[in-house]
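Visitor: I have a structure open here and have not looked at it before. Can you walk me through it?

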Amino acid sequence: MRQKELRIALVCYGGISLAVYMHGVTKELWKALQASQAFWCGEDAPQGAAGVYRKLLERLESGSNLRLRILTDIVAGASAGGINSVFLSQAIHSGHSLEPLTELWLENADVDVLLDPEARARSQVTKFWARPIVSYLLHRPGNAVTTSVAPETREEVRQKLSRLIRSRWFEPPFSGMGLSRLLAGAFTAMAESKAGPPLLPQGHPINLFVTATDFKGHLETLRLHSPELVLESEHRLSIGFEGRAGSPALAAMPELLFAARSTASFPGAFPPLQIEEIDALIGELGLAWPGREAFFRRVMPEHSQRGDLDNVALIDGSVLNNAPFADAMSVLRDRPATREVDRRFVYIDPTPDRIGASVRQERRAPGFFSTIFGSLSSIPREQPIRDNLEALERDSQEMATLRAIVQAVRPEIEDTVDRLFGNTFFLDRPTPKRLAAWRNKAQQAALEQAGFAYHGYVQVKFSGIVAKLARLILDASPQLGLSSSEPVALRLHDHFASIGLDRIHGLKGDGSPGMIDFFRRHDLAFRIRRLRLLARRVTQEWQQEASVTETERDKARETIYAALALYLDCEPVSAMGEEFADLAASIFTDPAAAIDHIEKVRSLAEIDGQVDVMLTEALAEMPQVLRRRVLLAYLGFPFYDTVTLPLLRGEGLTEFDPIRVDRISPEDCHMIRKGPVLRGTEFFNFGAFFSRAYRENDYLWGRLHGAERMIDLIASTAEGEHALLEGELWTFKREAFLAVLDEEQERLTADPSLVRNVRDEVLRGG
């Protein structure tokens, strides 16, 4: 049985009230993850839409010989899409329900709820003189309500707009504290819901990113030719979290609350978020926040160092970064891989080309106000993601090239290893001592046979190790106030040159005792790359060695990843201990102290011994053909690494497969109804904030579109002769649509005809 993981990196755009639609989509992704979890753990089939996804996974297993697991391990979002991202990540990590967010959107995402109590009109006579003006604005020919709101909802919108306009002027009408309270309530309800298992494999990382805009900005150092250093104001702020499935928490609730509230501070509607708002709410709720200072040192190091956190004002993340692809892409290299990976970037865009489509229809040149507002607001928020997608395409092409290179050199490398050790050594059961000796012999052979090309490889490897050490030191010492790790790396190079490891003159190959010793003490990345190649080889052997059973491969993978975990545990700054912060802060005066501490804590030679024991025990239980493949890959790794590492510019790739990009948008979903279906697009994308019926409509269509696209994504993992036919796909989608409608029938009652009409369309076949 071929095993594969469909790994989804999700990006949620900002969309004002269309966040309700996006929540419907993420709800369906959550259902698919639940189905996958139950499928892989052999649990009872879930009910409703999740049960349909479970049936689809079973169909792939029985009909396509493909056992598929679905993971979402990277989530990024901006604005209200950031709120969806935070709650989805928390549900994935904790196993708790996503239903409290549904209630928040449907019940509370309304202008009457969001309006600040201090801003409300006190009575019918408040601003009585404004009533004629308001009435004229809302009823005059060509007014915004008439031109952008459906007839049946215009009166409701006008009433709520009247209350909104007659609220306080020249200040945001919506309550920042009110939004924070609503978010905190949803987090609390989620924590109190029944918890299932995390929706990721044990120990697998999950990364969450939301964007905010630092209105006042902070100074960043730029290095130029002249002047050497300049200070520039930076306003982009990315708030990131990383957790591992099975760990106690993705983050403290106040930190997730801070991220969700800050990213959705829509300019003019909500006041900017200041930290005192979150502090006040935490005090009001009687909660503790022991990691508060450490959190702000991590996400806003410059402000923390200067001591001006109280003056920070954060506004909507989509002002500068509405599609945070770059953040999600930044962690791709840190993913573990236990089996074949089909990596997808999936982004939710409820209104593609919303601004451009209408502007291009105008024959005349843009006017005075449209030019100003477009340049300040619309255009920056709607900029396309072409640069990010082209970068992903370049990475995918690079991965495909590397895979081709590895496959091309594999016969020659295996031949070399055969000649080096003799064909008979594969019949033996190696001891830890013998395995270590073979490994050293292979390393030396790679040095001798690569010739002068090995010098460049060593340069790349040495520089890569120093760069990683510098980043580790910088992460531990935000008080240094550095915008990059480059100054630390330069200081480390000077230090190593002073003890004989000069990258310009001294790196003539790692045949020198000093260089060999340095790599043994500090080349953590090499060990990780080697085990990951081993895991890929074991995973991919289903194609070459049909005699090796999946159980035998699973046992081999289990050992390899247990060994890999020993090295991975050495990577984060948290592994260095509390005393490391002071040593890192003294890097420019005493670099040896920090380097010696890293070496002592990691103790790579000791871990090497443990791994040798683990591998030899596993090799002893493998059938001969699998043991041969594993040893050929393990001992041949120095040859593979010599070829591929310079091409990777010193970075090792963990997912060696191309990345594909998929969009979820109303424009891509036509199985039920062709044409516009969203109501939140009315009144300049604020429509759903004025009507519960609109919110219910958009939420339902989000789930239906999410179901349609999730089935497309799952089915696309089976290709060629195993691909599902269109008729079978439609059957699965129809069943999923009806399951969604059954689940939501009791909840969506604002428009009694909504569910009934959509069900009739599904039964008619779209």
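**Contacts along the chain**

Guide: Among contacts in the protein between residues at least 6 apart in sequence, 80% join residues at least 24 apart. Keep in mind that this is a predicted model.

Visitor: What is the secondary structure of the protein?

Guide: The protein has 31 helices and 7 strands.

Visitor: And how many of the residues count as buried?

Guide: Of the 766 residues, 55% count as buried.

Visitor: Let's take a pair of helices. At what angle do H2 and H29 pack?

Guide: Helix H2, residues 48-64, and helix H29, residues 692-715, pack at an angle of about 10 degrees. Their axes are 11 Å apart. Angles under 35 degrees count as roughly parallel, so H2 is roughly parallel to H29.

Visitor: Which residues make the contact?

Guide: From H2 they are Ala-49, Tyr-53, Leu-56, Leu-57 and Leu-60. From H29 they are Arg-703, Gly-706, Ala-707, Met-710, Ile-711 and Ile-714.

Visitor: How do the residues of that contact divide into nonpolar, polar and charged?

Guide: In the contact of H2 with H29, 9 are nonpolar, 1 is polar and 1 is charged.

Visitor: Switching to charges. How many salt bridges does the structure hold?

Guide: The structure holds 44 salt bridges. One of them is between the side chains of Lys-55 and Glu-735, at 3.0 Å from N to O.

Visitor: Where do Lys-55 and Glu-735 lie?

Guide: Lys-55 lies in helix H2 and Glu-735 in helix H30, residues 726-744. The pair therefore ties together parts that are 680 residues apart in sequence.

Visitor: Are those two buried or partly exposed?

Guide: Lys-55 is partly exposed, with a relative accessible area of 38%. Glu-735 is also partly exposed, at 31%.

Visitor: Next one. What do the side chains of Glu-277 and Arg-261 form?

Guide: They meet in a salt bridge, 2.7 Å from N to O. This pair links distant parts of the chain, with Glu-277 in helix H11 (residues 275-285) and Arg-261 in helix H10 (residues 253-263), 16 residues apart.

Visitor: Buried or exposed, those two?

Guide: Glu-277 counts as buried because its relative accessibility is 12%, and the cut-off for buried is under 20%. Arg-261 counts as buried too, at 0%.

Visitor: What is in contact with Ser-180?

Guide: Leaving aside neighbours within four places in sequence, Ser-180 is in contact with Leu-257, Arg-261, Glu-277, Ile-278 and Leu-281. Ser-180 itself is found in helix H9, residues 176-192, and is buried, with a relative accessible area of 0%.

Visitor: Back to salt bridges. What does Glu-414 pair with?

Guide: Glu-414 forms a salt bridge with Arg-537, and their closest N and O atoms are 4.0 Å apart. Glu-414 lies in helix H17 (residues 386-421) and Arg-537 in helix H22 (residues 524-544), so the pair ties together parts that are 123 residues apart in sequence. Both residues are buried.

Visitor: Which residues do salt bridges that share partners join into one network?

Guide: The network holds Lys-27, Glu-28, Lys-31, Glu-99, Glu-103, Arg-703, Glu-743, Glu-744 and Arg-747.

Visitor: You mentioned H17. Where is Thr-401, and is it buried or partly exposed?

Guide: Thr-401 is found in helix H17. Its relative accessible area is 44%, so Thr-401 is partly exposed. The C-alpha atoms of Thr-401 and Leu-647 are separated by 9.9 Å, while the two residues are 246 apart along the chain.

Visitor: What about a strand? Where is Val-341 found?

Guide: Val-341 is found in strand S6, residues 340-348. Val-341 is buried, with a relative accessible area of 5%. Val-341 and Leu-68 are 9.8 Å apart in space, C-alpha to C-alpha, and 273 residues apart in sequence.

Visitor: Last topic. How many disulfides?

Guide: The count comes to 0 disulfides. As for individual cysteines, Cys-570 is buried, with a relative accessible area of 9%, and Cys-669 counts as buried at 2%.

Methods: Residues are numbered from 1 along each chain as its sequence is written. This is a predicted model: local features need pLDDT of at least 70, side-chain atom pairs count only at pLDDT 80 or more; totals for chains, interfaces and linings use all residues. Side-chain values use heavy atoms; hydrogens and water are left out. Axes are lines fitted to C-alpha atoms, for helices over the stretch in contact, and angles run from 0 to 180 degrees between N-to-C directions. Helices (H or I, at least four residues) and strands (E, at least two) are DSSP runs, numbered from the N terminus. Angles under 35 degrees count as roughly parallel, over 145 as roughly antiparallel, 65 to 115 as roughly perpendicular and the rest as oblique. Contact means heavy atoms within 4.5 Å. Ala, Val, Leu, Ile, Met, Phe, Trp, Tyr, Cys and Pro count as nonpolar, Asp, Glu, Lys and Arg as charged, and the others, Gly among them, as polar. Buried means under 20% relative accessible area, exposed over 50%, partly exposed in between (1.4 Å probe, protein chains only). A disulfide is a pair of cysteine sulfur atoms within 2.5 Å.
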